[in-house]
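Here is a briefing on a two-chain model. Please keep the sequence and the 3D view open while you read.

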Amino acid sequence: MENKSNFNNDEFQESELLKSMKNNNVFSVPENYFENLPSAVSDRIHANQHKAGIFSGSAVRWVSFAGIAVIAIISGAIYFNRTGNEKSADQVVSTEQIVNSGELATIDESLLFEELQSRIASESEVAEQEALADNEHFEEYLIENNTDINLIITEL
Amino acid sequence: MTDYSDSELLELFRNSDNPDFAFNMLMRKYQQKIYYHIRRIVIDHDDANDVVQNTFIKAWKGLEGFREDSQFFTWLYRIATNESLTFLKKKRSKFLIPLVNVERQLSEKLQYDPLINADDLLLKLQKAILSLPEKQRLVFNMKYYDELKYEDMSAILGTSVGALKASYHHAVKKIEKYITGN
């Protein structure tokens, strides 16, 4: 009971021995420790803030977006460059295919006309030369066989 | 240095362009009390230095949300106590040593630490304090050295005033017995 009353009594006192030792601080600190402590803490706070600024959620998000954008741009550039080359290669092939398949809608008509004319001209030359060759051959035949040309004209 | 109250410094922290100034003032006001409170728990100066810095950094981070439902210094003591106990807990788990060995290790440190200046009697008192259960040790230090009111200790430790008084009473009796050898 005595102890219980002591527990609830703010006047509870330590022994004289304990009281005599109360003001003796056995723990010492390095020189100027308390002068430097606030600046040491402030430095750490600002270092953390700087780190937090660099690695904060919004900064990380922006860096992520920027990274994704750069990757997308590079990928896009590579893709379009590649498909562009493939497309022009395809275009060469398809032009050949068009030419080979006779689809001439995209070909200049004047070129076709010139080509046609030259072909006609060369064919008629050949025909003339052949005709000339035939005439020469015929005349040679008549001469070699002593045929009377007037008789042939009369019969014709 | 102008003496500002805690409320004025907190107001200055929240509403001025330079919260560093107000926080610096708060640190200077409480650094010694907080440091020695921590030092009595962890004993070693380097450990106390780490813990006190972590305490103030956490206070800085939490100060924006501090609503003054409790007094600033009891809030700061609570952070410091929690940080100190967490430190000891980590130390125990790190070295896989049981509770009693940490206290024995701290007790041995008392004898050889150049930053501890104690005669035989004061050394015996410190060893007696370290022999107490953790909660009793906290209560004894806060009452005997820091001379905190039971109401404030109750706010810091989350324990009823009656339980704190009983705890302190038992602690004193154990220490006196330890010192006198009776």
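Ala, Val, Leu, Ile, Met, Phe, Trp, Tyr, Cys and Pro count as nonpolar, Asp, Glu, Lys and Arg as charged, and the others, Gly among them, as polar. By these classes, the largest pocket is lined by four nonpolar, four polar and five charged residues. The model is predicted: local features need pLDDT of at least 70, side-chain atom pairs count only at pLDDT 80 or more, and totals for chains, interfaces and linings use all residues. Residues are numbered from 1 along each chain as its sequence is written, chains are lettered from A and ligands numbered from 1 in the order in which they are written, and side-chain values use heavy atoms, with hydrogens and water left out.

**The chains**

- Chain A has six helices and zero strands; helices (H or I, at least four residues) and strands (E, at least two) are DSSP runs, numbered from the N terminus.
- Chain B has nine helices and zero strands.
- Of the 156 residues of chain A, 12% count as buried, where buried means under 20% relative accessible area, exposed over 50%, and partly exposed in between (1.4 Å probe, protein chains only).
- In chain B, 52% of the 182 residues are buried.
- Chain A exposes about 12700 Å², with 57% supplied by carbon and sulfur atoms; accessible areas come from the Shrake-Rupley method with a 1.4 Å probe, and for residues only the protein chains shown count as cover.
- For chain B the accessible surface is about 8900 Å², and carbon and sulfur atoms hold 49% of it.
- Contact means heavy atoms within 4.5 Å. Among contacts in chain B with a separation of 6 or more, 60% join residues 24 or more positions apart.

**The largest pocket**

- On a 1 Å grid over the protein atoms alone, a cavity is a set of points where a 1.4 Å probe fits but cannot get out, and a pocket is an open set with protein on both sides within 12 Å along at least five of seven lines; lining residues have an atom within 4 Å of a point.
- The largest pocket holds about 210 Å³ of space; grid points are joined across faces, edges and corners, and a volume is the space filled by probe spheres set on the points.
- Its lining has 13 residues, and A:Lys22, A:Asn23, B:Arg40, B:Tyr145 and B:Asp146 lie nearest the centre.
- Helix H2 (residues 19-42) of chain B gives the most to this lining, with four residues.

**B:Gln31**

- B:Gln31 sits in helix H2 of chain B.
- Its relative accessibility is 6%, so B:Gln31 counts as buried.
- A polar atom of the B:Gln31 side chain lies 2.9 Å from the backbone oxygen of A:Phe34.
- Not counting residues up to four places away in sequence, B:Gln31 touches A:Phe34, A:Leu37, A:Pro38 and B:Phe56.

**Helix H8 of chain B**

- Six of the eight residues of helix H8 (residues 150-157) of chain B are buried, so the helix is largely enclosed by the rest of the structure.
- The buried residues are B:Tyr150, B:Asp152, B:Met153, B:Ser154, B:Ile156 and B:Leu157.
- B:Gly158 follows H8(B) and has a positive phi near 65 degrees.

- A:Asn32 is not a glycine, yet its phi is positive, about 60 degrees.
- A:Asn32 lies in the loop between helix H2 (16-21) and helix H3 (33-55) of chain A, and is partly exposed at 43% relative accessible area.
- B:Ile43 is not a glycine either, and has a positive phi of about 70 degrees.
- B:Ile43 lies in the loop between H2 and helix H3 (45-63) of chain B, and is buried at 1% relative accessibility.

Terms used:
A polar contact is a pair of N or O atoms within 3.5 Å; within protein, one must be able to donate a hydrogen and the other to accept it, and residues adjacent in sequence count only if both atoms are side-chain atoms.
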